[in-house]
Amino acid sequence: MGTDVNELETGGRLTVDLSAVQSNFRLLQTRCAPAECAAVVKADAYGLGAGPVAAALHEAGARTFFVAHPVEARAVRTSAPDAVIYVLSGLAPGAAPALAEIGARPVLGSVAEIEEWAAFAKARNLPGHAAIHIDTGMNRLGLTMEECTHIADRFASGSLGFELALVMSHLACADELSHPLNARQLAAFRQAAAQFPGIPASLANSAATLQGSDFRFDLCRPGIALYGGNPVPSEPNPLRPVVRVEARIVQIREAAKGETVGYGAAQTLAGPARLAILSIGYADGLIRAGGSSDSRRGADVLIAGERCPLVGRVSMDLAAADISHLDPARVARGDFATVLGDGLPVDELAKAAGTIGYEILTRISPRFARSYRG
Ligand SMILES: *Cc1c(COP(=O)(O)O)cnc(C)c1O
């Protein structure tokens, strides 16, 4: 589903503004300079469609892309034939031939991965361009500092067995600049990168790219900022919104004071109400935690340009919004309610649902008709 779907056959529509993605990339590029600005397009470009998004980024000048899995590299390769593509999840056992076929580079995160890749490059007589990931304090992926030193010795003696193209690490708390772990990770990364003279280094995600030149090194790796999410919640968002999600109003109904709305009868109406029933639910990416109850206000949507609160739980395919305050002449069956975009930033919906913009974007389902602008 997605782009080819007729809007009349779906519950709603997703519009992705590719010119906003490009403008966000250019802003980030300016902040990165003189470092290179790469683009993280994992998880289908944070749910927005890796093919069109990578093509737009490539047109804007992106030449290095990061994805999570080889299958995602394949989608980017089609849109950006000459790009360098790194696979962040590294090298799964036996996956080297697929990576070579796609022309993607693994981000090697363990000694076992390094051995397997080196053996593959040797057997195939390939240069085997790859990155290595050093764990500087997150305890997710990457070589320990001890392993790093051991690999650096092999690099220095010319016996690594493949072409090392990038040394990278990842910050655990980049969105919180004052967190003490940032300084510790930065110091560890400087020490690690210094052991690979002449090899480009990369540490910064979106938040670190925007926050401090210390973190930028040779290559920055923004993701969420490209898609309009605010990487540093304590600061105003300098990026352009990219996504609009709209759901069709299936019906408008009146309900009386004291009646309840939706599953679990979780919300009781305090007075007579007019409700717009929207054809969007958690299967479309309006996560259930964004619903409303007597004890907790949920997300707002925009109907006829006005904010309207959700009422009751979000169902799989449906949600209800309170439109009692709107002039009835302004809302009709078949109109669209905006759930995201047009003044409802992704970070606001995330906050109402107790999560982060990343999760909201990546949960948007391909069930809605998708269109691309710009
Ligand atoms: C996802 C990811 C990024 C991008 O992070 P954002 O916060 O979205 O900018 C960068 N580097 C690595 C290793 C990642 O996993």
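Predicted model: local features only at pLDDT ≥ 70, side-chain atom pairs only at ≥ 80, totals over all residues.
Residues are numbered from 1 along each chain as its sequence is written, and side-chain values use heavy atoms, with hydrogens and water left out.

Let me begin with the ligand, which is surrounded by 14 residues, a residue being counted if one of its heavy atoms lies within 4 Å of the molecule. The closest of these are K42, Y46, S206, I224 and Y358. By class the shell has 7 nonpolar, 4 polar and 3 charged residues, where Ala, Val, Leu, Ile, Met, Phe, Trp, Tyr, Cys and Pro count as nonpolar, Asp, Glu, Lys and Arg as charged, and the others, Gly among them, as polar.

Turning to polar contacts, that is, pairs of N or O atoms within 3.5 Å, an oxygen atom of the ligand is 2.6 Å from an N or O atom in the side chain of Y358. For R140 the corresponding side-chain distance to a ligand oxygen is 3.4 Å, and for N205 it is 3.4 Å. The protein covers 93% of the 390 Å² of accessible area that the ligand has on its own, with areas from the Shrake-Rupley method and a 1.4 Å probe.

The ligand sits in the largest pocket, meaning that more than half of its atoms lie within 2 Å of the grid points of that pocket. A pocket here is an open set of points on a 1 Å grid over the protein atoms alone, with protein on both sides within 12 Å along at least five of seven lines, whereas a cavity is a set where a 1.4 Å probe fits but cannot get out; lining residues have an atom within 4 Å of a point. About 760 Å³ of space lies in this pocket, and of its 34 lining residues the closest to the centre are K42, Y46, H170, N205 and Y358.

As for cavities, the count comes to 2 of 30 Å³ or more.

Definitions and conventions: Polar contact = N/O pair within 3.5 Å; in protein donor to acceptor, adjacent residues only side chain to side chain. Points joined across faces, edges and corners; volume = space filled by probe spheres on them.
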